[in-house]
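Welcome to a short tour of a structure and the ligands it holds. Please keep the model open beside you as you read.

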Amino acid sequence: MSRTSGTTSDARTALRICPLCEATCGLTLTVEGSRVTGARGDRDDVFSKGFICPKGASFGAVDGDPDRLRTPLVRKDGELREATWEEAFDAVAAGLRPVAERYGPNAVGIVLGNPNVHTMAGALYPPVLLAALRTRSLFTASTVDQMPKHVSSGLLFGDANAIPVPDLDRTDHLLLIGANPLESNGSLCTAPDFPGKLKALKARGGTLTVIDPRRTRTARLADRHIAIRPGTDALLLAAMAQVLFEEDLVDLGDLAPHVQDVAELRAELADFTPEAVAGACDVDADTIRALARELAAAPTAAVYARIGSCTVPHGTLASWLVDVLNILTGNLDRPGGALFPQAATDKSPRPAGPGHGFALGRWHSRVRRHPEAKGELPLSALAEEIDTATAEGEPVRALVVVAANPVLSAPDGARLDKALDSLDFMVSVDPYLNETSRHAHVVLPPPPPSQSPHHDFAFNTLAVRNQVRYTRPAVPLETGRMAESEILARLILAATGMHGADPSAVDTMVIDQTLGKAVREEHSPAHGRDPRELAAQLTGDTGPERRLDMMLRLGPYGDGFGVRPDGLTLQKLLAHPHGIDLGPLGPRLPQPLKTRSGKVELLPQPLADDLPRLRAALARRPDGLVLIGRRHLRSNNSWMHNVPALTGGTNRCTLHIHPEDAERLGVRDGADVRVKGAGGEVVAPAEVTDGVRPGVVSLPHGWGHDRPGTRMRHASAAPGVNVNQLLDGSLLDPLSGNAVLNGVPVELTATS
Ligand SMILES: Nc1nc2c(c(=O)[nH]1)N[C@H]1C(S)=C(S)[C@@H](COP(=O)(O)OP(=O)(O)OC[C@H]3O[C@@H](n4cnc5c(=O)[nH]c(N)nc54)[C@H](O)[C@@H]3O)O[C@H]1N2
Ligand SMILES: Nc1nc2c(c(=O)[nH]1)N[C@H]1C(S)=C(S)[C@@H](COP(=O)(O)OP(=O)(O)OC[C@H]3O[C@@H](n4cnc5c(=O)[nH]c(N)nc54)[C@H](O)[C@@H]3O)O[C@H]1N2
Ligand code: SF4
Ligand SMILES: [Mo]
């Protein structure tokens, strides 16, 4: 441990991968005692090379927030009180088991929120919990986010997790849709210093086009910015594909042998001409033709789209068309285009060939019969699945909530707030007493990130460069704290009738099952070996470390338990604290394909069946205002408003409105405006700005910290309003069940 100048003598430094957004930057923390007093970018990190943003720089403040819970809370006589871990797990066992036994497995629901993809525990234990509870009542942040992309990948490639990422470092042309990486630092495209990568693209003579109803910081960097009407990207993308066909610009290149249904797609899209979509998108036909021609003409190009393209009525079609354009221009799976990453903990690649394909709608939600997608029901349906009785089955009566704050993040927040109060039992695994966890009967607080180990299971599968990094806790677990992995393991035991068993039993069970399966798989390096012999080789101080070791060794770069002695193991990773670079992304097709045909299925039936709905949108011209969201660089969904360093200044919950609309409606800058939507109304101060296009207003999400019974003192002092209260939960993308959060009709009234 090295000394750092300018701090007290017991200061030391420690490495920690930042868990605060998808960029996964390596940080060098300054630690004094058990407190993190500083954070800077780790210049030796193989991936992030020293990049840091204001959130990462505030790691110490996020980590050391005095409002973080230190002990479990258990409800007694209606009130949440501090309790021991033993009392807390006793209460969980007593609360969950009777519900499952009396009403069946689906009466116990699981809600998983965004930070689960930012913790090791969140990757390793919820799948075990789900399997153990055998419930179909699973709701996650995916259905207010990227579920459309999973569904389109599932249908196109046969694997919902096969998501191509733009090759930011090498592309000549980036068409970026409904994303603002200068504030978000990127999503479904893990790239530390996304802003620097966009600047580098321009510096090497490449071009950047941004499609966004707002002139964002990213849009200001672009060579061309198109302020599209919200919710109409699928139409614009369909028209671009139509132009490629019409002008003979389709060139699949090396992809040709792997792609089917090109002619069928051409026929299906024939009527989506630029002239036909121009009015709906509010983008002129010549511009759409130019976009298509530029994409085809670029030596390499990548189309990349995020939140603004997913959280809309045609989210799955838009997500599909993004890849269709990459495919038709030969840019999928080639350097400079959009490629499939290969993470170190991916399963050992099976030989190419037909797979099982992707199924949708294997079951349905009880109340409104929404089809499941990827085993999940829409978060938009959570409130009704709790508060509405039907003949079909039992409502959700108990809930396990891990790292989620759906009262603020999901549609119809006010109704959900009430529904949670009616549950027989609810447990939250959460560091804060907030708008959601205040309803719990038991709150189990994980330690702060400095006291947790870190590896990015999810984001390495979406990274613009293959690499692997692992950081052990920067600070030892404080007395009285419990690692989140142990919390979740004990929760699994308590929920499944094994309350009180040794939590390491959960890891042992997973290891036995995984190795038992691997030795039976012909393509596995473990094939034919003795699983007990392999288990005995695993190293690591904890269950999560042993599981990481197992995944690395079975994975595409692994040592195969001795088969490839130079390959990856946990020990090798520990010997490289700044990570191991595994090289640039490379072509992988056809191996990742798991469709029944073994090909890229360009026109899957469920998408073809959804095209009439898109056709119907051609004629639509909303006459009123529509609402969209936005993110601020110093924010993170609903849970960072309690950190003074990350709030204030421009990070405020204001309604952006264009000067023309403001004048027409008599709205003055700084004055309160009443915003009314189908689900309710809120009052927020106006910020008149031409950064948003006419006809569109914007409110950020994750605000509304004014409910009683929470313990987030700084956040409740400047609470803002909950934009999701304006939604009634009825607007969904039907294929994916994803909530429509952008392009929502609203009415405004000036209040002063
Ligand atoms: N209108 C609108 N709504 C949106 C969006 C939008 O763009 N517009 N975006 C949507 C998107 S993309 C997402 S991902 C969702 C996010 O919504 P959620 O999944 O609800 O995530 P957060 O709001 O980040 O809340 C996360 C919870 O996890 C807790 N937490 C933080 N760190 C940890 C940890 O280490 N362990 C555990 N167990 N808990 C932790 C926090 O205290 C908080 O209670 O919001 C969605 N809602
Ligand atoms: N600072 C910060 N970083 C974050 C988060 C955060 O809350 N704050 N959240 C994290 C999470 S969970 C996620 S999922 C990612 C999201 O990452 P991004 O998708 O990059 O996030 P946003 O900033 O919401 O960008 C969405 C953009 O879509 C635009 N938009 C809205 N409607 C439409 C439309 O119909 N069409 C088009 N073309 N554009 C539209 C909005 O104006 C906005 O600029 O960010 C992650 N990073
Ligand atoms: S960009 Fe994201 S990962 Fe990097 S320092 Fe900022 S918050 Fe952390
Ligand atoms: Mo998200």
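## Before we start

A polar contact, as the term is used here, is a pair of N or O atoms within 3.5 Å. Please bear in mind that this is a predicted model.

## Ligand 1

Let us begin with the contacts of ligand 1. One of its oxygen atoms sits 2.7 Å from a polar backbone atom of Asn114. Ser409 also takes part through its backbone, with an N or O atom 2.8 Å from a nitrogen atom of ligand 1. Arg631 uses its side chain instead: an N or O atom there is 3.1 Å from a nitrogen atom of the ligand. On its own, ligand 1 has 920 Å² of accessible area, and the protein covers 95% of it.

What surrounds this ligand? There are 27 residues around ligand 1, and those that come nearest are Asn114, Asp430, Asn434, Glu484 and Ser638. Sorted by class, the shell holds 13 nonpolar, 10 polar and 4 charged residues.

## Ligand 2

Ligand 2 has 31 residues around it, of which Ser184, Asp212, Gly231, Asp233 and His632 come nearest. For Ser184, an N or O atom of the side chain is 2.7 Å from an oxygen atom of the ligand. A backbone N or O atom of Asn637 is 2.8 Å from an oxygen atom of ligand 2. How much of ligand 2 does the protein bury? Of the 920 Å² that the ligand exposes when taken alone, 98% is buried.

Helix H14 (307-310) and H7 are the elements that give two or more residues to the shell around ligand 2. That shell contains 10 nonpolar, 13 polar and 8 charged residues. At least three residues come from each of domain 3 (148-345 + 590-614) and domain 5 (622-750).

Around ligand 3 you will find the cysteines Cys18, Cys21, Cys25 and Cys53, together with Leu20, Ala23, Thr24, Phe51, Lys55, Gly56 and Asn185. This shell divides into 7 nonpolar residues, 3 polar and 1 charged.

An unreviewed UniProt entry places the feature "domain: 4Fe-4S Mo/W bis-MGD-type" at residues 11-67. In the model, residues 11-67 are 16% helix and 37% strand, with the end C-alpha atoms 24 Å apart.

## Backbone details worth a look

Between Leu589 and Pro590 the peptide bond is cis, with omega near 5°. Pro590 belongs to the loop that runs between strand S19 (580-584) and strand S20 (600-601).

Asp77 is in the loop between strand S4 (73-76) and strand S5 (79-82), while Asp193 is in the loop between helix H7 (181-184) and helix H8 (194-203). Are these residues exposed or buried? Asp77 is exposed, with a relative accessible area of 74%, and Asp193 is partly exposed, at 25%.

Note on methods
Residues are numbered from 1 along each chain as its sequence is written. Chains are lettered from A and ligands numbered from 1 in the order in which they are written. This is a predicted model: local features need pLDDT of at least 70, side-chain atom pairs count only at pLDDT 80 or more; totals for chains, interfaces and linings use all residues. Side-chain values use heavy atoms; hydrogens and water are left out. A residue is near a molecule or strand if one of its heavy atoms lies within 4 Å of it. A polar contact is a pair of N or O atoms within 3.5 Å; within protein, one must be able to donate a hydrogen and the other to accept it, and residues adjacent in sequence count only if both atoms are side-chain atoms. Accessible areas come from the Shrake-Rupley method with a 1.4 Å probe; for residues, only the protein chains shown count as cover. Ala, Val, Leu, Ile, Met, Phe, Trp, Tyr, Cys and Pro count as nonpolar, Asp, Glu, Lys and Arg as charged, and the others, Gly among them, as polar. UniProt positions are given in the numbering used here, feature names are shortened, and annotations may be inferred rather than shown by experiment. Helices (H or I, at least four residues) and strands (E, at least two) are DSSP runs, numbered from the N terminus. Buried means under 20% relative accessible area, exposed over 50%, partly exposed in between (1.4 Å probe, protein chains only). Domain bounds come from an automatic or database domain assignment.
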